[in-house]
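I opened a notebook for this structure. The entries below follow the order in which I looked things up.

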Amino acid sequence: MTAIILDGKQLAQDMRGELAEEVTDFFENNSITPKLAAVLVGEDPASEVYVRNKQIACQKAGIESELHRLDADTAEDDLLALITRLNKDNDVHGILVQLPLPGHISTERILRAVNPMKDVDAFHPENVGLLVQGRPRYLPCTPSGVREILRRYEVPTVGKHIVIAGRSDIVGKPLANMLLTRGADGDATVTVCHSKTSDLAEITRTADILVAAIGRPRMLTAEMIKPGAVVVDVGINRTEDGLVGDVDFDGAKEIASHITPVPRGVGPMTVTMLLFNTLQAARLQAF
Ligand code: NAD
């Protein structure tokens, strides 16, 4: 069996077309153009690429964007002052602080400073709390992209055993909460594994849907996957062979029923969900 490819790139393209129409409608009805402010501290090459991709995607969707570049040695208070200014700027609907921040800056303090209404990454404790309670204001972008892939490819989650490898605040934990939520896109039985999990393979082999969010190239191999399982690979690892996921794609595609590739999988969906959150932020702040 060769798995059906869950083509995140194509799906993202389709969804960005839908979004552009929604942005046009929103402007026609409200005379407001949604605007995203991105903040980049330092010159991390991967962050540069991510921020540039987000800006290009905004432009194509009719969303305004502005980039605030700060030196790597910027003081925490100066960054906080910029965030305060963006919080007060009525033309800015979404604020994105690109992570990771330099070590001398407290990420927690910065993320807490973003106005929760403008927190389109959904990292503020208020938005995390709302998500955990099952009444999210914004869905965090990568988990939301994963769920959208499952939804649009009509992969049911209700009653399924979903194993997530990785417990980060950005991917594993919020995704687990979303998939536990009552309703057609949730209602799963979720197991979250992490670096201290004993016998990972024993657990992953019980997954109807396996999500990899570890950050280790090709760590999940075919033997760790139940025949016919759906495999979603969030991992992005830079190797000598180029970008690879956390799943050994060549082996896994022979045993899974569906699988996301890397690249062209979850990555493009993450950016797409950020754009939808920015439009949602403009809607919430318009009324
Ligand atoms: P992270 O480093 O914050 O978390 C990694 C998690 O993996 C941790 O919870 C850790 O406990 C777990 N882990 C480590 N070793 C393990 C092991 N041997 N067995 C089981 N679990 C183990 O990473 P993150 O920010 O969640 O990102 C994970 C991966 O996803 C990275 O490759 C990252 O680049 C990628 N990522 C992709 C997107 C996207 O848009 N596609 C977005 C965010 C992150």
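Predicted model: local features only at pLDDT ≥ 70, side-chain atom pairs only at ≥ 80, totals over all residues.

In which loop is aspartate 199 found? I found aspartate 199 in the loop between strand S6 (189–193) and helix H8 (200–204).

**Entry: backbone angles**

I looked up aspartate 199 for its phi, which is near 50°, a positive value in a residue other than glycine. Most residues other than glycine have a negative phi.

I went on to alanine 122, which is not a glycine either and has a positive phi of about 60°. I located alanine 122 in the loop between H4 and helix H5 (125–132). Is alanine 122 buried or exposed? I read a relative accessibility of 7%, so alanine 122 counts as buried.

**Entry: cis peptide bonds**

I turned to the peptide bonds, most of which are trans in general. A cis bond joins leucine 99 and proline 100, with omega at about 0°. I placed proline 100 in the loop between strand S4 (94–97) and helix H4 (107–113).

Another cis peptide bond joins valine 262 and proline 263, and there I noted an omega of about -5°. Proline 263 is in the loop between strand S11 (258–259) and H10.

**Entry: helix H6 against H10**

I followed the chain into H10 and asked how it lies against H6. At what angle do the axes of H6 and H10 cross? I found that the axes of helix H6 (residues 141–152) and helix H10 (residues 266–286) cross at roughly 110° and come within 8 Å. Angles of 65 to 115 degrees count as roughly perpendicular, so I recorded H6 and H10 as roughly perpendicular to each other.

I listed the residues that make this contact. From H6 they are Cys141, Thr142, Ser144, Gly145, Val146, Glu148 and Ile149. From H10 they are Val266, Met269, Thr270, Met273, Leu274 and Asn277. By type, I noted seven nonpolar residues, five polar and one charged in the contact of H6 with H10.

**Entry: helix H6 against H7**

I stayed with H6 and looked at helix H7 (residues 172–180). The axes of H6 and H7 come within 8 Å and cross at roughly 40°. I therefore wrote H6 and H7 down as oblique to each other. The crossing of H6 and H7 is right-handed.

Which residues make the contact of H6 and H7? On the H6 side I listed Pro143, Ser144, Val146 and Arg147, and on the H7 side Pro174, Leu175, Met178 and Leu179. The residues of the contact of H6 with H7 divide into six nonpolar, one polar and one charged.

**Entry: salt bridges**

How many salt bridges does the structure hold? The structure holds 17. Side chains of opposite charge can pair when their charged atoms come close.

I began with arginine 152, which forms a salt bridge with glutamate 18, and the closest N and O atoms are 2.9 Å apart. This pair links distant parts of the chain, as arginine 152 is in helix H6 and glutamate 18 in helix H1 (residues 8–30), 134 residues apart. I noted arginine 152 as partly exposed, because its relative accessibility is 35%. Glutamate 18, at 32%, also counts as partly exposed.

I next took arginine 151 and glutamate 148, whose side chains meet in a salt bridge at 3.6 Å, N to O. Why are arginine 151 and glutamate 148 separated by about one helical turn? I saw that they are three residues apart in helix H6, which accounts for that separation. Arginine 151 is partly exposed, with a relative accessible area of 36%, whereas glutamate 148 is buried, with a relative accessible area of 8%.

I then checked how these residues are connected. Glu18, Glu148, Arg151, Arg152 and Asp185 are linked in a network of salt bridges. Glu148 is also among the H6 residues in contact with H10.

I ended with glutamate 66, which forms a salt bridge with lysine 35, the closest N and O atoms being 2.9 Å apart. Glutamate 66 lies in strand S3 (residues 64–70) and lysine 35 in strand S2 (residues 35–41), so the pair ties together parts that are 31 residues apart in sequence. I recorded lysine 35 as buried, because its relative accessibility is 11%.

How values were computed
Residues numbered from 1 in each chain as written. Heavy atoms only, no water. Axes fitted to C-alpha atoms, helices over the stretch in contact; angles between N-to-C directions. Helix = DSSP H or I, 4+ residues; strand = E, 2+ residues; numbered from the N terminus. Parallel < 35°, antiparallel > 145°, perpendicular 65-115°, else oblique. Contact = heavy atoms within 4.5 Å. Nonpolar A, V, L, I, M, F, W, Y, C, P; charged D, E, K, R; others polar. Salt bridge = Lys/Arg side-chain N within 4 Å of Asp/Glu carboxyl O. Buried < 20%, exposed > 50% of the residue type's maximum accessible area, 1.4 Å probe, protein only. Left-handed = near helix turned anticlockwise from the far one by under 90°.
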